[in-house]
Amino acid sequence: MSRRVVRQSKFRHVFGQPVKADQMYEDIRVSKVTCDSSFCAVNPKFVAIIVESGGGGAFIVLPLAKTGRVDKNHPLVTGHTAPVLDIDWCPHNDNVIASASEDTTVMVWQIPDYVPVRNITEPVVTLEGHSKRVGIISWHPTARNVLLSAGCDNLVILWNVGTGEMLLVLEDMHTDLIYNVGWNRNGSLLVTTCKDKKVRVIDPRKQQVVANNFEEPIALQEMDTSNGVLLPFYDPDSSIVYLCGKGDSSIRYFEITDEAPYVHYLNTYSSKEPQRGMGFMPKRGLDVSKCEIARFFKLHERKCEPIVMTVPRKSDLFQDDLYPDTPGPEPALEADEWLSGKDAEPILISLRDGYVPIKNRELKVVKKNILDSKPPPGRRHSHSTCDPNFSRPALEEVLEEIRALKEMVQAQEKRISDLEDKLCQFTNGTD
């Protein structure tokens, strides 16, 4: 008589639980646009959700603690002239978020710690380079201010947000629509999935596909008959992958190991309502005192519902085995270092004493003189817009005026920043 061997894993009993009703975010008009993105981005300070908006595209940003019914006049982040398709928080600055839109642009925004009085309409920088709608954005995991965008023009563009310029353009690599893009842990490689049914591993700095057309999967997991898009979320600290089906009402999770059969089913969190999108909290935003290993932000038609994944433990002590050191908010590289070929692993922090979010740090954009700029590698087609009759003295005069205006703007920015700090102190004092 044979006995079934149960595989040992500390994550075997992970369970999901929704928060109480008063800890949800109610009365949010979640976007109805047809798009495969998650519609939600979260970090230890804020939850951002793409919403319905007349006359352009918008998303709402709420402080994590601002639960309950959302005021219908709550300020939005507006500025795109067509629907917003994707949003992503900067991993190195919890007050900076990027948005991609049907209007072909990517915008980067500074979000204040206090709730603004009116809509935020002016991005810190607008990135223009795609010729069709932009459906995917993703920040580099270790290099400061490096942002990736992918559009329906089958281009992948890498930007230096700190200067507003293109660093690299990956063209002629995808023959059809790009479905998704992801970085590896140190940002030396990226992987894409495409409508042409190919998975590509790309070295962006060498402009080369380094792996393609994998012959056989090492593991194949049958899911169900649903035709909804699967949103995958991977936690490298626990080696757990969570699969959330858009339009589905469940979250399936699996543990990944180095030995066959590689993928081990753990459990399924099920609910009655289908999800329209999903946010995934970075590890530093979790409550380690409650053995929380993941937190999702499930989007319904009119609300956002946090779902907490917990490992049951009897002890109140910090659980070292559940919380290895995890990527913190400090970048390991500058954009220029990464572009020149340098790689660095994420700078890790301990969660033993919990994580306290850093105060608002301003994103400064210093645009380079356009006359000094060269076309980014990979962009072969260019044309000059300079007027040959434009005299040198007239050029110097324009540059001098630009310098004077920049100094004036910087002085006003410092004054605004000082006033915002005062306002933040005032609002903190009245809480």
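Colleague: Let's start with the second largest pocket; what volume does it have?

Modeller: Bearing in mind that this is a predicted model, the space in the second largest pocket comes to about 1,500 Å³.

Colleague: And how many residues line that pocket, and which lie nearest its centre?

Modeller: Its lining is made up of 32 residues, and those that lie nearest the centre of the second largest pocket are Gln-110, Val-124, Glu-362, Glu-413 and Ile-416.

Colleague: Which element gives the largest share of the lining?

Modeller: That is helix α2, which spans residues 392–430 and contributes twelve residues to the lining of the second largest pocket.

Colleague: How does the lining of this pocket divide into nonpolar, polar and charged?

Modeller: In the second largest pocket, 14 lining residues are nonpolar and twelve are charged, while six are polar.

Colleague: Now the cavities: how many are there of 30 Å³ or more?

Modeller: The count is two; the largest cavity has a volume of about 90 Å³, and the second largest cavity holds about 50 Å³ of space.

Colleague: Which residues are closest to the centre of the largest cavity?

Modeller: Val-61, His-74, Ile-111, Pro-116 and Ile-120 are the closest to its centre, out of 13 residues that line the largest cavity. By class, that lining has twelve nonpolar residues and one polar residue, with no charged residue.

Colleague: What about the second largest cavity, which residues line that?

Modeller: The second largest cavity is lined by Lys-45, His-92, Asn-93, Asp-94, Asn-95, Pro-329, Tyr-355, Ile-358, Lys-359 and Arg-361, and this lining divides into three nonpolar, three polar and four charged residues.

Colleague: Changing topic, in what order do the strands of the open sheet run?

Modeller: The order is β16-β17-β18-β19, four strands in an open sheet with antiparallel pairing. The edge strands, each pairing on one side only, are β16 at 178–183 and β19 at 208–212.

Colleague: By how much are neighbouring strands turned against each other?

Modeller: On average, and with direction ignored, neighbouring strands of this sheet are turned by 30° against each other.

Colleague: Over how many bridges do β18 and β19 pair?

Modeller: Strand β18, residues 199–203, pairs with β19 over four bridges in the antiparallel sense.

Conventions
Residues numbered from 1 in each chain as written. Predicted model: local features only at pLDDT ≥ 70, side-chain atom pairs only at ≥ 80, totals over all residues. Heavy atoms only, no water. 1 Å grid on protein atoms, 1.4 Å probe; cavity = no way out; pocket = protein on both sides within 12 Å on 5 of 7 lines; lining within 4 Å. Points joined across faces, edges and corners; volume = space filled by probe spheres on them. Helix = DSSP H or I, 4+ residues; strand = E, 2+ residues; numbered from the N terminus. Nonpolar A, V, L, I, M, F, W, Y, C, P; charged D, E, K, R; others polar. Pairing = 2+ DSSP bridges. Axes fitted to C-alpha atoms, helices over the stretch in contact; angles between N-to-C directions.
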